[in-house]
Amino acid sequence: MMKYKWNKIIAGCMMLAMNYKTVKAQVMDEMWAQGSVAKEHPNIQWFKDAKFGLFIHWGLYSQLAGNWNGKRYYGSGEWIMNQAKIPAATYAKVAADFNPVRFNAEEWASLAKEAGVKYMVITAKHHEGFAMFDSKVSDFTIVKASPYKKDPMKALATAVGKRGIKFGFYYSQFVDWHEPNGGRNTWDFDESKKNYQLYYQQKAIPQLKELLTGYGPLGIVWFDLPGGLSKEETRKLVDSLHALQPKSLFSSRVGQGMGDYKDFGDSEVPPVPIKGAWESIYTHNDSWGYIEHDMNFKSPKEIIRLLANVASKGGNLMLNVGPDGKGAIPHYSVQYLRETGKWLAKNGESIYATTFGSIPAQPWGVTTSKPGKLFLHVLNRPVNGQLIIPAFANEVTGVYDLITKQHLAYNRKQQELTIQVPAFDRETPDRVFVMEYKGKQPEYDTAAPVVASQQYEQNNLEAVFAKTSGNAQVKSLTFSHYFGDWKHTNCVTGMQTMNDSVNFKVNIMDAGDYKVVLEYACPQESARQEGILSVNGANHFFRTLRSSEFDKSAPLMFIRHTVAITTIRQKGVYTIGVKPVQDGKELFKLKSIILEPVK
Ligand code: JFZ
């Protein structure tokens with residue numbers, strides 16, 4: 001699957017930003033600039049306020065449920081035709097068994113409403129080439145090729161629209177494994193002999209026009225994996241489709257930078273706030289399409305925390321569900337979306353129509369904001385109940401619980417605020433407090449030191465907040481557990497000579513002993529190499545432990561290696577550094593340094 005240029009932009013920006021403060025400021029502006037499309041679409045505000053969407057991958061692959069010829073396939077179920085290299089003629093016969101009699105548009109739409117999503121995007125045609133709508137330009141459709149013989153998209157568009165939820169279609173504009181001239185079926189057809197223009201003229205463009213003229217107003221057209229078109233041809237296509245629905249927003253995977261908002265890679269959240277309209281997309285388990293043996297569903301707590309994390313960086317989360325071949329949405333997806341909706345029913349003010357918070361992520365949680373309000377999403381309650389906001393200059397006029405409106409005591413020392421939060425169940429997914437203040441929202445301070453204290457089980461110093469020197473750099477590493485379920489982690493890489501180092505500025509709030517734990521991935525060739533950890537004016541030698549090779553199509557295993565204990569005698573800003581003892585192989589891929597209070 002093709003890797004988007006975004007990661008390179010992000011990694012590039014980060015690497016640049018890490019080295020020099022001023023450069024950092026400039027680079028953040030570049031990221032802001034990069035983040036937002038050239039000219040914002042006049043109808044973009046609903047999307048920016050929506051924050052939470054429902055993605056639905058549904059097609060013939062849902063009927064196969066991850067099985068082919070008695071073999072179970074893992075990873076992206078919607079890619080089974082490609083994984084099993086099923087001939088197009090053979091795969092097309094699956095349509096004869098596809099009869100989703102349990103599909104109920106009202107039920108799906110009401111679940112979307114209960115879940116608190118503001119928009120829904122469903123696959124009208126995925127890479128398999130099967131139209132899940134009544135297309136007149138192809139016989140490979142749910143109406144003509146399956147015993148269902150009905151167009152589920154008509155009913156769904158109506159049911160969703162009448163509940164005030166925006167409706168949109170996913171359309172695989174280039175990749176079409178059914179068509180001889182469509183993109184990327186390399187096991188039936190010779191890619192070099194394909195006439196992509198013919199495929200676009202005979203299928204993709206006519207079908208897109210059917211979708212943009214036959215299903216009412218579309219909030220979004222979600223394109224995927226562009227290809228086969230020049231910049232001019234893409235511009236002509238985008239303009240002709242926008243002419244049909246000027247208010248509809250096109251996702252960035254239309255290509256050539258012509259989208260109306262940005263999509264990051266699958267299951268990817270940018271590490272720091274990004275200005276402009278953007279979206280992170282996540283599977284609810286490990287697959288977009290239904291796989292009966294994939295039960296790795298994210299819990300309501302995980303969904304709520306993912307939503308808060310994405311919103312705290314200014315973006316939308318579009319969470320996916322994969323209905324089965326009968327048209328039933330998996331039990332745990334229904335249950336956990338409903339639970340998420342219950343949380344949003346009480347805490348929605350801290351998510352909908354917010355933007356990123358001006359405070360970097362803290363050991364206690366993240367922030368979202370509205371003019372004059374900062375929403376404090378407490379994911380980890382400090383043991384002593386003292387929630388510290390390290391740097392906030394604006395005059396605070398009150399802090400209260402979002403739900404109970406109970407006001408909280410707080411005090412300020414210079415720019416540091418301490419808020420006394422009440423006790424609450426540590427299993428609470430996200431307890432929100434509101435801090436009201438005067439003046440305009442302060443700028444996001446990229447140079448703010450990371451905070452650590454004795455009040456948390458662990459304090460994570462994530463790689464993105466590191467300062468690197470020499471050949472060391474922060475990179476976004478992409479790997480996967482299964483086929484197509486991409487995972488992205490930022491790591492400090494390239495430390496292989498004594499001139500290569502990484503340093504973290506840490507604002508340690510409490511005196512006390514802390515274990516210093518290095519979290520890294522280390523292949524065999526890098527194991528048993530010595531490094532130095534410098535903290536609090538002391539140097540500590542350590543030797544690297546093997547964990548796993550770095551291979552895109554395999555899990556990247558991280559080890560947590562305690563290499564020292566440091567006694568912090570007084571609160572203050574400290575520097576923690578790591579570098580190799582000798583020139584050699586890359587020391588490891590450092591994901592984070594964890595400070596664990598010694599109790
Ligand atoms: C694509 C599809 O191939 C996949 O089946 C699913 O529909 C997903 C939402 O989108 O997969 C991608 C596309 C782009 C990236 C990763 C996976 N990317 O840019 O990292």
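Leaving aside its neighbours within four places in sequence, which residues is N285 in contact with? That is point 1 below, and some ground rules come before it.

This is a predicted model, in which local features need pLDDT of at least 70 and side-chain atom pairs count only at pLDDT 80 or more, while totals for chains, interfaces and linings use all residues. Residues are numbered from 1 along each chain as its sequence is written, and side-chain values use heavy atoms, with hydrogens and water left out.

1. **N285.** With neighbours within four places in sequence set aside, N285 is in contact (heavy atoms within 4.5 Å) with D294, N296, F297 and K298. N285 sits in the loop between β9 (278-283) and α11 (300-311); helices (H or I, at least four residues) and strands (E, at least two) are DSSP runs, numbered from the N terminus. N285 counts as buried because its relative accessibility is 8%; buried means under 20% relative accessible area, exposed over 50%, and partly exposed in between (1.4 Å probe, protein chains only). The N285 side chain reaches the backbone nitrogen of S287 at 3.0 Å, and a polar atom of that side chain lies 3.2 Å from the backbone oxygen of D294.

2. **Helix α9 against α10.** Please have a look at how helix α9 (residues 196-214) packs on helix α10 (residues 231-244): the angle is about 25 degrees and the axes are 9 Å apart. Axes here are lines fitted to C-alpha atoms, for helices over the stretch in contact, and angles run from 0 to 180 degrees between N-to-C directions. The two helices are therefore roughly parallel to each other, on a scale where angles under 35 degrees count as roughly parallel, over 145 as roughly antiparallel, 65 to 115 as roughly perpendicular and the rest as oblique. From α9 the contact uses Q197, I205, L208, K209, L212 and T213, and from α10 it uses E233, L237, S240, L241 and L244. Sorted by class, the contact of α9 with α10 has six nonpolar, three polar and two charged residues. For the classes, Ala, Val, Leu, Ile, Met, Phe, Trp, Tyr, Cys and Pro count as nonpolar, Asp, Glu, Lys and Arg as charged, and the others, Gly among them, as polar.

3. **Q207, also on α9.** Q207 is found in helix α9. Q207 is buried, with a relative accessible area of 0%. The side chains of Q207 and S135 are joined by a polar contact of 3.1 Å; such a contact is a pair of N or O atoms within 3.5 Å, and within protein one must be able to donate a hydrogen and the other to accept it, with residues adjacent in sequence counting only if both atoms are side-chain atoms. Leaving aside neighbours within four places in sequence, Q207 is in contact with K125, A131, F133, S135, V137, S138 and Y171.

4. **Helix α8.** In helix α8 (residues 152-161), P152, M153, L156, A157, A159 and V160 are the buried residues. These buried residues of α8 pack against α7 (105-115), β4 (119-125) and β5. At the N-terminal end, α8 is capped by D151, with a side-chain oxygen 2.8 Å from the backbone nitrogen of M153.

5. **Helix α7 against α12.** Here α7 packs with helix α12 (residues 331-347) at an angle of about 40 degrees, the axes being 7 Å apart. That makes α7 oblique to α12. On the α7 side L111, E114 and A115 meet V334, L337, R338, T340, G341 and L344 in α12. The residues of this contact of α7 with α12 divide into five nonpolar, two polar and two charged.

6. **M435.** M435 is found in strand β18 (residues 431-437) and counts as buried at 0% relative accessibility. Not counting residues up to four places away in sequence, M435 touches several residues, including G372, L376, I389, F392, V396 and I419.

7. **Two backbone angles to check.** Most residues other than glycine have a negative phi. Q256, which is not a glycine, has a positive phi of about 55 degrees, and Q414 has a positive phi near 45 degrees. Q256 is in the loop between β7 (249-250) and β8 (262-263) and counts as partly exposed at 37% relative accessibility. Q414 lies in the loop between β16 (410-413) and β17 (416-420) and is exposed, with a relative accessible area of 72%.
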